[in-house]
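Here is a short briefing on ring pairs and disulfides. Look over the structure, then read the points below.

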Amino acid sequence: MSAEVGEAVQSLSTVTFRASSTASAKNVTSLAVAKPAGVVQGDVLIARIANRNHVEAVITPPAGWTVLRSDQSASAIKSWVLWKVATGAEPASYSFGFDVSAYVAGSIVAFSGADPVNPIDAVSGQKNGNSATLAAPAVTTTAANGVAVWFGTQVWTGSACPASPIQPPAGFTEPFDTCLLSSSTGLLFDAAYAQLGAAGSQPAWSGSSPFPNTNTAQVVTLRPAGAPACTAGDSFASTFTTLGSLTSTDIVEISGLAASRVNPGVLYAHSENNANFVAINKTNAAVVGSYVAGVFPWDWEDVATGPCPAGSCIFMADIGKKSGHPPPEPTTFAVYRMKEPNLAAGETSGTVSGDRFPFQYPDTAQNAEALMVHPTTGDIYVVTKNGTTGLSKVYKFPKPLPAPDTMSTLIHVADLQMPQGADVPAWEVTAGTIHPCANRFLLRTYRAVYEYRAPAGGSFESAFSASPVALTDTKEGQGESIEYEPDGSGYFTMTERETAPYPLKRVARQ
C-alpha cells in the first residue's frame with residue numbers, strides 16, 4: 001500500500017484548495033485514504049475511488065460520504081466520485097469498502113470557502129475507450145466564481161510509474177499525479193482544479209496522456225460560500241398569483257413544467273399526447289421557443305431538467321399507462337433525454353433529438369405521472385399514481401445509467417401513502433419535482449400540493465421517509481404540473497385542460 005499527502009500550492013479568490021491525499025492497495029476489500037492536511041470544519045472533501053477489472057463492484061462509503069456518480073468501462077476500470085462536508089471531529093483517515101477484492105486507488109481533495117450547505121453545483125463524467133484523451137462532458141453551473149475539480153483515471157500496465165503520466169486540462173492546477181504500480185492491473189490517477197468565472201455553460205474539460213488506454217474523466221464544480229443560489233424555507237404564502245396564460249395552440253392538454261438550467265427565467269411546458277413543447281417566460285407565460293421532440297410519446301406525463309453528458313438536458317417522461325389510446329396498455333415505458341436548447345444562441349424552434357431510456361418495473365407495470373431528476377447527481381425518479389388507495393411507489397433508474405435503448409429494471413426506493421380524504425383526486429399524484437438545494441421535493445395531485453423535507457444533514461432520499469406537508473393549492477381542479485423556482489423562492493403550477501389558454505400560477509416562499 002502507498003499513500004501521499006499534498007499541500008496547497010495556489011490560493012484562489014473564492015473557493016480555495018487546501019490539501020490532497022492519495023492511497024492505493026492491491027487485492028483488498030477496503031482502502032483507507034488519509035484526511036488531507038489542515039482540514040477544518042466546513043471544508044468540502046471530494047473523493048475519487050477507482051478499481052481495476054471489477055466494474056461490478058459495489059462501494060460502501062464511510063459515514064457521512066455521498067456518492068455523486070460512477071463511470072466505468074466494460075471490464076477494465078470503474079471510478080466513483082463522492083463528497084462530504086467536514087465536521088468538527090473528522091477521523092485521521094476514511095475507509096472505503098468494496099464487495100469484491102481488487103486493485104484500488106483513491107484520492108481526496110479538500111477545499112475551503114465552498115458553500116457548506118449546498119456545495120455541489122454540477123457533476124459530469126464518462127468513460128473514454130482506448131484513448132489518450134481524458135474527456136469529461138461539459139457542465140452548466142448555476143453560481144459564479146466557483147471551482148471545477150477534474151479527475152483523470154487511466155488503465156496502466158508497466159514496470160514503473162511514468163514521470164508525468166496525465167496532463168490535466170489547460171488552465172488547471174494539479175496537486176498530484178501518481179499511479180498504482182502493476183505490470184498487469186495498474187492505474188494512473190490525477191486530479192486538478194481551476195477557478196471559474198461566470199455561471200452558465202462551461203466547456204468540456206479534457207486532459208491527455210501519452211498512452212491510448214481506457215480511462216475515465218470526471219468533473220465536480222463547487223459553489224462558493226455566500227453565492228446567490230438556491231435557498232430552502234418552510235413557509236409559503238397562503239395565496240397564489242396568476243402570472244399569465246400560455247396561449248399556444250401547439251400545446252394540447254399540458255402535463256408538465258420544468259425550469260431551464262441554461263436559459264434564465266425560462267420554463268418548459270409540454271403536451272400530453274403529442275411531441276410538442278414550448279419555452280415560456282416565467283413572468284408572464286409568453287412563448288419564447290417552440291419545439292418538437294424527436295420522438296412520439298405514448299403518454300408524456302411529466303418533464304424535468306437536470307445534468308447529463310451534454311451539460312443540461314430535458315427529461316421527457318413517457319410513463320403513463322392510462323392514456324386515451326386503444327388497448328393493450330403498455331408494460332414497458334421510457335424516459336427521453338434531450339439537450340436543452342440555447343435561446344441566446346438562436347435555438348428558438350425546431351426538432352430536438354435525444355436518447356431513449358426504456359424501463360420496466362421490478363414488480364408489475366404501473367401507471368405514473370410524476371418524474372423527478374436530482375439536480376446534482378442526475379438520479380432519475382418515477383413516482384406512481386394510485387387512485388384506489390393513495391399508496392404511491394417511488395422508483396429510480398439504476399446507476400450508472402445504462403446505454404440508450406437498453407432496457408432498465410427500476411429500483412424500488414420507497415412507498416408514499418398520500419393523505420386521504422373524501423376527495424379521491426386529492427391523493428392521485430400527477431407531477432413531482434426536486435428542490436434545487438436537493439433537500440426536499442414537491443408532489444402535485446389534482447387538487448393538492450405536498451412537500452417532503454429531508455431532516456437537517458440528511459440525504460435527499462431521507463425525504464421519502466418524511467411526513468408530507470400540505471402547501472398552498474392553486475385551485476386548478478386538474479392540476480398536473482409543478483416546478484420550483486430555480487432559486488427555491490417559490491413554485492409554479494399549471495392546469496391540464498384540452499385546449500389553451502393555460503394559466504401559469506406561482507406561490508411565493510415567505
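A disulfide joins C308 to C313, with 2.1 Å from S to S. The term disulfide stands for a pair of cysteine sulfur atoms within 2.5 Å. This is a predicted model: local features need pLDDT of at least 70, side-chain atom pairs count only at pLDDT 80 or more, and totals for chains, interfaces and linings use all residues. Residues are numbered from 1 along each chain as its sequence is written, and side-chain values use heavy atoms, leaving out hydrogens and water.

**Disulfides**
- The whole structure holds 2 disulfides.
- The link of C308 and C313 is right-handed, with 70° about the S-S bond.
- Both C308 and C313 are buried (buried is under 20% relative accessible area, exposed over 50%, partly exposed in between; 1.4 Å probe, protein chains only).
- C161 and C179 also form a disulfide, with sulfur atoms 1.6 Å apart.
- Their link is left-handed, at -55° about the S-S bond.
- C161 is partly exposed, at 38% relative accessible area, whereas C179 is buried, at 7%.

**Aromatic pairs**
- A search of the whole structure gives 24 aromatic pairs.
- Rings of Phe, Tyr and Trp (its six-membered ring) pair if their centres lie within 6.5 Å; planes under 30 degrees apart are stacked, over 60 edge-to-face, the rest tilted.
- The ring centres of W65 and Y94 are 5.3 Å apart and the planes stand at 80°, so this pair is edge-to-face.
- W65 and Y94 are both buried.
- W156 and F211 make a tilted pair, 4.7 Å centre to centre with 55° between planes.
- W156 is buried, at 9% relative accessible area, but F211 is partly exposed, at 22%.
- F333, F359, Y361, Y395 and F397 are linked into a cluster by ring pairs.
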